[in-house]
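Please keep the structure in view while reading.

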Amino acid sequence: EFRRVLFRSDKSNRGLVVAVGPGKYENGTRVDMTVKAGDTVMFERAGASEMESGYMVMHESSIVAVIG
């Protein structure tokens, strides 16, 4: 399952999506991600892994809302 999101965040619970995985397969059919690069999202910080580069990676289910 590749429902991962890479984005930049400023230590708040909001971030800009910069890349997304291809989605996942259910019953042989690919299900696309619900967010895309360029979206601004609110997320649960507990579900994110922060990288030294300032980017964060998380599962799509940790996203609470798309706000822009």
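Glu 26 and Lys 24 are joined by a salt bridge in which the closest N and O atoms lie 2.9 Å apart. The model is a predicted one, and the count of salt bridges in it comes to three.

**Salt bridges and their exposure**
- Asp 32 forms a salt bridge with Arg 30, with 3.0 Å between the closest N and O atoms; Asp 32 is partly exposed at 46% relative accessibility, and Arg 30 is partly exposed at 45%.
- Lys 36 and Asp 39 meet through their side chains in a salt bridge of 3.0 Å, N to O, in which Lys 36 counts as exposed at 53% relative accessibility, whereas Asp 39 is buried, with a relative accessible area of 7%.

- The protein chain has eight strands and zero helices.
- The largest nonpolar core consists of eight residues, namely Val 17, Val 35, Val 41, Phe 43, Ala 48, Met 56, Met 58 and Ile 63, and β5 (40-43) and β7 (55-59) each contribute at least two residues to this core.
- In soluble globular proteins, nonpolar side chains tend to be buried together.

**Whole chain**
- Of the 68 residues in the protein chain, 26% are buried, and the chain exposes about 4,400 Å², of which carbon and sulfur atoms supply 52%.
- Among contacts between residues at least 6 apart in sequence, 51% join residues at least 24 apart.

Definitions and conventions: Residues numbered from 1 in each chain as written. Predicted model: local features only at pLDDT ≥ 70, side-chain atom pairs only at ≥ 80, totals over all residues. Heavy atoms only, no water. Core = buried A, V, L, I, M, F, W, Y, C linked by side-chain atoms within 4.5 Å. Buried < 20%, exposed > 50% of the residue type's maximum accessible area, 1.4 Å probe, protein only. Helix = DSSP H or I, 4+ residues; strand = E, 2+ residues; numbered from the N terminus. Contact = heavy atoms within 4.5 Å. Areas by Shrake-Rupley, 256 points an atom, 1.4 Å probe, with all protein chains shown as cover. Salt bridge = Lys/Arg side-chain N within 4 Å of Asp/Glu carboxyl O.
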